[in-house]
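Hi,

Here is the structure I promised to pass on.

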Amino acid sequence: MSLIVCQHLKKQYKTGVVAIHDLNLNIEKGEFCFVIGSTGCGKSTLIKMMYREERPTSGKIIVGGINVAKIRNSKVYKLRRKLGVVFQDYKLLNRLTAYENIAFALEVLGLPKDEIHNKVLKVLDLVGLKGKAKSYPHELSGGEQQRVAIARAIVNGPRILICDEPTGNLDKRTSMEIMEVLKEINKLGTTIIMVTHDTTIVNALKERTILLDNGRILKDYAKGTYKYESNKNIN
Amino acid sequence: MKAIRILTRSIRDSFKSVFRNFSLSLASISCIAITLIVVAISLILTYNVNNFTSKVERDVTIVAFLDTNIKEEGRQEILEKLKKMEGLQNITYESKTKIGEEMMNSSDIFKNIMKNWDESESPLQDTYLIKVENIKEIGSIAKRIENLPGVDIVKYGEGMVEQLVSLFDLVRKICYGMVIALIIVTAFLIANTIKITIFSRRREIDIMRLVGASNINIKIPFVFEGLILGVLGSIIPIITTTYGYTALYEKFHGQLFSSLITLIKPQPFVFQVSLVLLIIGILVGMFGSWRAVRKYLKI
Ligand SMILES: Nc1ncnc2c1ncn2[C@@H]1O[C@H](COP(=O)(O)OP(=O)(O)OP(=O)(O)O)[C@@H](O)[C@H]1O
Ligand SMILES: [Mg+2]
């Protein structure tokens with residue numbers, strides 16, 4: 001079975017807005033998958049259902065073997081431990097250093113101190129922040145903060161990394177650096193789903209790309225087939 | 001092992017958090033402190049009234065004076081009838097001889113007068129001393145005893161006892177009501193104060209959820225924080241009660257208005273009250289935090 005399966009997935013918010021219409025989608029293990037589309041087309045809603053921030057109105061969504069729509073609130077943490085999530089605004093705790101922010105994700109799991117230490121150092125190295133362990137978020141650049149956030153998301157060794165516009169606040173060069181980090185993580189076996197507005201990135205990486213429009217999949221480009229010209233829907 | 005690590009980390013974080021958000025913590029602490037002081041006053045009042053009422057209840061005795069010429073079998077007959085009556089707790093017999101001896105022993109003047117008395121001319125009467133189960137029934141029981149043949153008159157301090165008892169019964173009920181109402185109000189007040197504190201930490205809770213902390217895992221530090229707030233909030237009320245009550249007791253020499261109303265001795269009373277305050281503070285703090293954080297754990 002695919003790592004992520006959506007069947008007849010539908011999301012209607014309490015306000016009446018239907019953000020996702022009858023959506024079918026399979027994402028395989030090890031894939032790198034972009035989700036693009038104009039603003040308000042339902043990209044965030046789709047991935048929010050994957051990490052169970054929102055419940056689908058109807059349909060099925062299975063992530064890593066977990067039937068996400070069916071799990072109870074009190075069991076959501078089991079899903080969250082299987083995946084990492086990265087946001088545009090990093091969501092770091094300002095009172096903690098880079099090291100502590102990453103360690104935080106392991107402390108709540110109850111890992112012993114030396115194991116936490118080893119894992120955090122390893123992941124800091126992976127995202128290229130070896131020298132910044134003791135820095136607080138306000139002492140780091142946007143790109144560096146995003147690296148910390150990515151490190152925190154993957155330190156636990158999740159099978160899936162979900163990113164909602166991780167480069168949204170970053171300049172072109174920094175964005176490409178972040179993409180290098182993500183590609184590296186993908187190479188190590190983590191499946192990545194990334195929502196973005198940045199067509200340059202999508203065009204440069206030529207990974208699988210899902211184009212959403214009004215809550216429906218308009219196009220599903222296989223790896224290597226995406227072309228910027230072919231799409232006028234992105235702002 | 002894992003659970004212990006999570007717990008110790010939670011406790012460490014709770015301590016840090018109380019001091020990091022100190023101005024907000026202070027709001028909760030003051031809220032707990034103020035209400036606990038009022039709770040303390042009500043508690044002290046309630047206990048003292050209780051103490052007094054039960055003392056009165058223990059002391060109040062119906063004295064039934066028997067006819068002067070009553071014989072042994074007459075006395076037995078009355079005793080049988082008393083034993084059959086409902087609501088009596090214990091009955092003791094005191095003969096006029098015994099009363100006379102006690103009086104003679106108590107003073108030489110009595111002795112001189114009484115030693116010449118002949119059995120038949122003694123004005124003393126045999127008595128039954130009767131305690132009742134429920135002080136509120138004392139009037140009706142006394143009346144029934146007085147109606148028994150062979151009983152001359154019955155005395156129990158009528159009037160005053162009834163008034164005092166019903167007065168203190170009222171005070172006691174009001175105090176109980178106040179304590180309970182206060183505790184409930186405090187709990188919700190604190191829940192709200194802590195809710196504001198926690199609102200500013202929504203982000204933290206969201207991040208904890210995001211990285212896979214279980215709900216219990218998220219709750220523990222907050223509930224423990226509530227515990228710390230409860231302990232800190234009860235310090236001032238405890239000090240105030242301990243010193244305040246002791247000072248009050250000494251100022252009035254242990255009595256209020258008259259020697260009839262005695263105050264409870266400060267020790268160990270103030271420690272018991274302090275313990276109750278501490279427990280209320282802790283429970284209310286924990287309950288408040290638990291309620292406040294619960295709201296953010298739903299999607
Ligand atoms: N919590 C919510 N309650 C009600 N409506 C919502 C909610 N979140 C999103 N929506 C609506 O659902 C639709 C899809 O929103 P969503 O955030 O998924 O879009 P998006 O593709 O991520 O947009 P953007 O590119 O601007 O981030 C929009 O019309 C939005 O207004
Ligand atoms: Mg979005």
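Below is what I found, starting with the ligand and then going through the two chains.

One thing to keep in mind throughout: this is a predicted model.

**Around the ligand**

Which residues sit closest to ligand 1? They are A:T39, A:G40, A:K43, A:S44 and A:T45, out of 13 residues that surround the ligand. By class, that shell divides into 7 polar, 4 nonpolar and 2 charged residues.

A:K43 has a side-chain N or O atom 2.7 Å from an oxygen atom of ligand 1. For A:S44, a polar side-chain atom is likewise placed 2.7 Å from a ligand oxygen. With A:H197, the distance between a side-chain N or O atom and an oxygen of ligand 1 is 3.2 Å. As for cover, ligand 1 taken alone would expose 630 Å², and the protein buries 65% of that.

Which element gives the most to the shell? That would be helix 1 of chain A, residues 43-50, with 3 residues. Helix 1 of chain A is also mostly covered, with 6 of its 8 residues buried. The buried ones are A:K43, A:T45, A:L46, A:I47, A:M49 and A:M50. Notice that A:K43 turns up again here: it is buried, and its side chain makes one of the ligand contacts above. After helix 1 of chain A comes A:R52, which has a positive phi, near 60°.

**Chain A overall**

Chain A has 7 helices and 10 strands. Its radius of gyration is 18 Å, which agrees with the value near 18 Å for a compact globule of 235 residues. Along the principal axes, the C-alpha trace of chain A spans about 45 × 40 × 35 Å. Buried residues account for 54% of the chain. If you take contacts in chain A between residues at least 6 apart in sequence, 67% of them join residues at least 24 apart. The accessible surface of chain A is about 10,500 Å², and carbon and sulfur atoms hold 49% of it.

A:H8, in strand 1 (residues 4-12), has a positive phi near 45° although it is not a glycine. A:K206 is another non-glycine residue with a positive phi, near 55°. Where is A:K206? It lies in the loop between helix 7 (199-205) and strand 9 (208-213) of chain A. At 30% relative accessibility, A:K206 counts as partly exposed, because that class runs between 20% and 50%.

**Chain B overall**

For chain B, the secondary structure comes to 10 helices and 6 strands. What is the radius of gyration of chain B? It is 31 Å, whereas a compact globule of 299 residues would have one near 19 Å. The box around the C-alpha atoms of chain B, taken along the principal axes, is roughly 100 × 40 × 40 Å. Buried residues make up 44% of chain B. Of the chain B contacts between residues at least 6 apart in sequence, 83% join residues at least 24 apart. The accessible surface of chain B comes to about 16,400 Å², with 64% belonging to carbon and sulfur atoms.

**Places to look at in chain B**

- B:T46 is in helix 2 (residues 22-59). It counts as buried because its relative accessible area is 5%, under the 20% cut-off. Leaving out residues up to four places away in sequence, B:T46 touches B:R172, B:C175 and B:Y176. Its C-alpha atom is also 7.7 Å from that of B:V171, which is 125 residues away along the chain.
- B:R75 is part of helix 3 (residues 72-84). With a relative accessible area of 14%, B:R75 is buried too. Beyond its neighbours within four places in sequence, B:R75 is in contact with B:L66, B:I70, B:Y93, B:D126 and B:Y128.
- B:Q267 and B:P268 are joined by a cis peptide bond, with omega about 5°. B:P268 belongs to helix 10 (residues 266-294) of chain B.

Cheers

How values were computed: Residues numbered from 1 in each chain as written. Chains lettered and ligands numbered in written order. Predicted model: local features only at pLDDT ≥ 70, side-chain atom pairs only at ≥ 80, totals over all residues. Heavy atoms only, no water. Near = heavy atom within 4 Å. Polar contact = N/O pair within 3.5 Å; in protein donor to acceptor, adjacent residues only side chain to side chain. Areas by Shrake-Rupley, 256 points an atom, 1.4 Å probe, with all protein chains shown as cover. Helix = DSSP H or I, 4+ residues; strand = E, 2+ residues; numbered from the N terminus. Nonpolar A, V, L, I, M, F, W, Y, C, P; charged D, E, K, R; others polar. Rg over C-alpha atoms; globule rule 2.2 N^0.38 Å. Buried < 20%, exposed > 50% of the residue type's maximum accessible area, 1.4 Å probe, protein only. Contact = heavy atoms within 4.5 Å.
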